[in-house]
Each structure stands twice: as C-alpha cells, then as structure tokens.
Amino acid sequence: MSGKRKRQDTSELQNNVFNGGREVRMYINCMVNINTEDNEDTSDSESSDIDEEDIEDVSDDEYEEEDDSNEADSLDEDDTDEENEQHQEDNEENCDTKAKNKQHTRSDRDSGIDDSPNDKEETTEDKYKLFKSKATRRQISKTKSTSDKDTQECSQDPEIPDEYEEDSSDEEDLRNTIGNVPLKWYDEYPHLGYNLDGKHIIKPKRGDTLDNFLNRIENPDFDRTVFDKQTGQDVRLSDADLDIVKRVMSQKVPDASYDYYAPWIDHFTYEVMEMPLSGRTDSKKSFVPSKDEAAYVAKRAEQIRRGLIQYTHKREKKYHFYDLWSDKKRLRRIHDPMPAPKVKLPGHWFSYNPPREYLPHFNKPFGSLREVPGYKHFIHECWERCIDLYIAPRKRVLRVNASSKDLIPVLPKAQDLQPFPTMEGLVFKGHRSIIRSISIHPLGKFLASGSDDQTVKIWEISTGRCLRSFDIEAAVKWVAWNPSSKLFLLGIVIEKKVIFLNPETYLTDKVVVKQTNAVFKEEPDQGDYIQPERVRTAVTWRKPTADEWAKGYRIVIDHFRSVKQIVWHKQGDYFATVIPQGDHRSVLMHQLSRWRSQVPFNKCKGLVQAVQFHPKLPFLYVATQSHIRVYNLQKQRILKKVQANCRWISSIAIHPGGEHFLISGYDCRLNWFEMEYTKRPRILRYHKAAVRCAAYHRKYPLFASASDEGRVIVSHGMVYNDWLKDPFIVPVKELKGHKMFEGLCVLDVTWHPYEPFLFTSGADATIRLWH
C-alpha cells in the first residue's frame, strides 16, 4: 500500500474522530446543565461534577479502540521515517494519559460500584482535556498502534495468536503455567502468566459496570457463569456442575450416583493375606522406639544383668553334632542308630513249668525244657529274629506337626460361587392341603402344582398369581409338563389314572393350544397293530367324555394298579409310568402319538421307586429300594447295576451331562455316583431327616436337596470335562421357610430352566420361590 493512500485513510479517520468529539462535547454540556438543575447548584459549568466513567461509556472508547486496533494491525509496515518519528512522539504523550486513566479505571473495577460525585472534583475543562487526549490517542492508534500495544511494545510479539479465540469449558484450561503464586502479582501487567512456549498470555478484555449490568439482564446464562481467576475468563457451568453445587449447598454428597447402601468391602479382615494391600514404605517413626518402650527395655536389661531375672528354659538344638573320632567303637556308617524295640518280660504263659493255677485245664506241666514242643526250633527262631533286627532297614518316623486346619480341605468362599438362590422371593398360596408335586413349563413361564385337596393349579411365575384351577376327582400325586414346544400339555397322576390336561391359558400362544386340541381330538388309526394280552390287561387308553373334555382333559390312561410317577422323554412323545406294586409290570413305556404301550421288562427285582431318562442317550435309569439299574433301550439290554449306599431310595436325579447321577434316600443321606466309577460314591451327610427329593439345574452347576426337617440345601457341583478330575462339590446355602405338618415338610424341589431360581413345595400348602 502506498504512503499517499495511507495518509488519506488516516485523515478520514481523524475527521470521524473529531466529529464524534464535537457530538460528545455537546452531550457533556447537556449533562452538565441537567446535573446543575437537579442539584440546585450554580449555573457555572465548571463547578459541576461529572464522572470519568460517564464520559467513557458515552464515547465507547473500548469498542472503538478494539476496532481501530484491528485496523492498525492490518496496515503494512512500510511506513516512512517521518511517520515513525511522529508516532513515537505521540506515544510518549499517550503513555502519561493512559497511566492516569488506568489508575481511575482500576479503582472503579475493584470497587464494583460507581463513585459518587463528591469523591472526585474535576472541572469541565479537565474533563474536556481528558476527552481531547483520548480522541488524540484514538487518532494515533488508528494510524500505527493501539493503546494496548503501547504498553506491550517491549514484552509481546505482534504475531502471537489470540489465546482466547478457542475456548472449551468442558475440560480444564491448563495453558497458564505461572505456578502456585498469588495472582495479584499480575494486576499491574496486561498479561496473566505464560504459556508452554514462554510467551505472554494476554488478559481477556472485561467490560465495566454498565457492561456487567447489561450482561446480567440480557444473558440467560448469567446465573451459571463464574469468573476463573487462573485464566481471567468467564466460565459457564454445565448442568452437572450446577447439580454438584446444589448438592453441596444442601449438605448432600456431590456425586448423585453414590450409593449409601452399597455392599461393604471389608479390606482389613481377620484372614492373613500373602501380600499387603498397599506398597507404601514404613515411616522412620515406626523404626524408632517410643520413650516408654526404651525405658522398659532398659529396665529389663538392668534386671537381667543383676540376676534378678533368670530364664530357666533352654533353647532346643536344631542340629546334633558329635565328634567322629572321639569314640573308636562307634561305626562310621551308622549315624544316630535306632535301638530295637524292647521285648516284654516273659510271664507265666511263657514258662515251661508254671504254677498249677496258671496252667490251662487241658495242659500238663513239662518236666524239662527239652520236652517243650517248640524247643527244636527255638534256637533257629532266635537266630532269624536277630538277623531280621540287624539287617532290616529301619527309618526314624518323625512326628507330624499338623494342625486341625491343615487337615480340612481348602474351600472357596461362597461369594465366588455365585449365582445361587439365597433368599425367598415369592410365596404361592391357594392350596388347602399338602402339595405333593410341582413342575415348571419348559419355557419358564408357568408353574403347575398338584395337591391332596384334589386340585391342580397353574401359576404365573413372574407375578405369582393363579391363572387356572382344575378340580380333580382324587388327590394328585404327580404333575409333569410335556417338554415339547409344539404341545401345551400337562400330565397328572391320580390313583390308577394318568390324565393329560390342556390348561388353555390366555397368556400362551393360541396356535399351540389349538394344535394340541386338534392332535387329540380324534383317536389315531392303529392299523394292523394288535395289543399284547399282558399290555391290554395293564393299560387302557380312552378318549375323555364330553364333560371331561370341557374340563380340559384330552387323554385318559387307566392302569391296573395305582401309579406313583410319570416321566417324560426329552422329545415329548414317549413317557414312562411307575407302578410300585406292579411286579414285573412296574415300569410301563408309552407312546403319545400312537396311543400304544409296552412292558419293557419281564422280571423286576425289588419295588421300583423312581425312573429317569438319560438326557442325551437312549438309557433308562430304574431305581429300586437299594439298587440302580441302567438299561440301553435301543439294544434292549442292561448296562450297569449299581448298589446304592442307601437303605431306601426316595428319588433319582441325572446330571445334564449324563455322566453323574444323584440318589436321595430316607436314611438322611445323598449319594453322588459317577457312571465310570460307581463302587465308591461321594456321600453327603448334611441332612438330619429323610431326604424326599433332589434335583440338578439344567444350566448352572447347582443341585438342591430337601428333607422333612424343613431345610433345603443348595450345593455347588462343578463337573469338569477332564474325566481324571473329580467333581467339585461345595454346600453354599441353607434355605428355611416351610413349616412342619404331620411329620412332613418339604416334599418336592425343582429348578427354573434358565434362571438360578429354586421352587419348593411343602406340607404347609405353600410353594416358595427362592432367588
């Protein structure tokens, strides 16, 4: 840019400044007259008091200086020497004027309020001179430099970028590196500390009292804006910060997510840890004994020197040394020899001529030693004994110093074996008598229960309410849901009948309900099949009557004797029934889709108590009073016979893996068997009354057992894939809640198919959910 062009721009700026100065002068005169009239003072304008801040507010010096400084920075630096000399003289004049203005401005900003007219007495001419000096300063600043640059011409580089151009209130501003020094040291300087490059950090421009007042009225975030002394900026507080401030003012914990009732973590427990919790070094004070300890030690030492305290016990020698060459008779090879055990002195029984009273009634005394029958071999026997004692290797058996804690196996904490049920969640009430059996639907939504009050109830597990209740003509002994997802069918055992019921609840899928009704609406065609005589006399399939169909019955199977149990195969088409008094027909196999039955065994030794299907293979477990027999249904032969370590078996449970099974008995014991090694079961003796039933969880390594004493024991049973590793069995929880009734308490337990929830039914006519 040429010098002529610069001079034209400068002249235009000067004209604008001076024209504005005349307008301000007229405004000042008007203000003087108004103040004179209000105060009822003399008309002399010189005696009126006008604040310096009023002049600055009206003229808008700060805004004009800010704009002009930007223009001045944009000018080229190719000025002539004459202009530089003129600017240098003007700057010297401006320094004195600005120093005075700074003092007044700083006092006003520190006080926070406007000064009263009586505090300062200045004439109008002084005000005009002050304004004229300011106008001159603005003219000079627009041509070359601003007032801010005058004070920073020796300390700041003009090419330094604005520090406050980008501000982020989300993270702490760490640009200021002044350290831990008082901020008032920088009150007289235009900068506030230094950045990482060692350059000045310029203070941000702050408005006067009028700007603060306008900001309070117009800015909606004024209430949440605070001043940061470290950076000199106004920081807007976020909602989270305001919430913390409010909580602190109301004497609450600053963090709203803090949990007062969180589980207490006992860092310092009675258990001795191998490693310390903290790695801090001990203080020097811990190595210096206290004065009391030093005095006590000195006192005891003096007593020991005088002989007032004597220690009689001797220290045990860890090692025994002896002089090898002192005793010539001692053998070098035998160190610390062990003498032979002493033989008891002979008594009358070893004498060849004892007194008469010590002789047996059928023996006679010997006249001499040679007449003793063992005399011939006596010398040889003594020789053999001496040789045995001399040649036989002997080793000193050291006494084992083991405590009782070392003999107990190390078990993990119960907290490390979670999840498992620990507390009572729901109580299902509605039955009026003993609840013999319960069953969970495969989807885990419904619970069926059968009671001696001749009712079957369907419960909703999530809410605990009873959905349907069916009146049966006799006491219900057993209930079992069909495991197939295509059928909504419940098997019920009453006396000599097995009834299949469709509950038809409105909470299940309507398609499955209609499909179940359609399957059993008509009897299947038997074709050329002729039922054997032994089967015909034992089982009869029939369709329900119209009244029974209205109740929900779909199939009725009549048996020749009372039925105890019904067990489903995993596919849902086959099931087995147990008739304890049925002799060789105690176990019957049925096919639901064809309405056919068969007797799998020609002979049955003992009373059959329970049966179970293998979860993966075509095996059938048959438990009698004292034996368990495993049959292969596909090959139709027996695989294994196991003698249970139990007097009377009550139930049998198969592990989901199929390699282990659990036997409960009325003799208060549980027996854990392994299929590959069934001779020595693991016996669990933590019940004090008859164990009614036991059950495995299908998903978690848990199993539970219930007894007539009212306790339900939940145990952790981990089965490893390695066959050489024994299963890990640990009792983890004891549940109590059922009441005794006529010597009975908990009669049945079952697990939820997916969650670690346990359901128990008892003689107190209640069903309890433990979670």
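Predicted model: local features only at pLDDT ≥ 70, side-chain atom pairs only at ≥ 80, totals over all residues.
Stop 1: Select residues 291-306, which form helix H9. At 1.5 Å a residue, its 16 residues should span 22 Å, and the end C-alpha atoms lie 23 Å apart, which agrees.

**Stop 2: a hairpin.** Select strand E3 (residues 225-228) together with strand E4 (residues 233-236); they pair in the antiparallel sense over four bridges. Phe 227 stands opposite Asp 234 in E4. Four residues lie between the strands of this hairpin, and Gly 232 takes a positive phi near 75°.

**Stop 3: an open sheet.** Display the five strands whose order is E10-E11-E12-E14-E13, with antiparallel pairing. Strands of a sheet pair through backbone hydrogen bonds. Strand E10 (478-481) and E13 are the edge strands, each pairing on one side only. On average, neighbouring strands of this sheet are turned by 15° against each other, direction ignored. Within the sheet, strand E11 (residues 490-494) pairs with E12 over five bridges; the bridge partner of Ile 494 is Lys 497 in E12.

**Stop 4: the largest nonpolar core.** This core has 22 residues, and those with the most contacts inside it include Phe 500, Trp 541, Ile 557 and Phe 575. Among the elements that give two or more residues to the core are strand E12 (497-501) and strand E14 (553-559). Next, centre the view on Trp 541, which touches residues including Ile 555, Phe 575, Leu 592 and Trp 595. A second, separate core of 21 residues includes Ala 448, Phe 470, Phe 488 and Val 556.

**Stop 5: salt bridges.** The structure holds 21 salt bridges. Select Arg 436 and Asp 452, whose closest N and O atoms are 3.0 Å apart. Arg 436 is in strand E6 (residues 435-440), whereas Asp 452 is in the loop between strands E7 and E8.

Now select Glu 533 and Arg 536, which form a salt bridge with closest N and O atoms 2.3 Å apart. Both lie in helix H13, three residues apart, about one turn of the helix. Glu 533 is exposed, with a relative accessible area of 52%, and Arg 536 counts as partly exposed at 39%.

Finally, select Arg 682 and Asp 726, a salt bridge whose closest N and O atoms are 3.1 Å apart. Arg 682 lies in strand E26 and Asp 726 in the loop between strands E29 and E30, so the pair ties together parts that are 44 residues apart in sequence.

Definitions and conventions. Residues numbered from 1 in each chain as written. Heavy atoms only, no water. Core = buried A, V, L, I, M, F, W, Y, C linked by side-chain atoms within 4.5 Å. Buried < 20%, exposed > 50% of the residue type's maximum accessible area, 1.4 Å probe, protein only. Contact = heavy atoms within 4.5 Å. Pairing = 2+ DSSP bridges. Axes fitted to C-alpha atoms, helices over the stretch in contact; angles between N-to-C directions. Expected span 1.5 Å × (residues − 1). Salt bridge = Lys/Arg side-chain N within 4 Å of Asp/Glu carboxyl O. Lists of a residue's contacts leave out its neighbours within four places in sequence.
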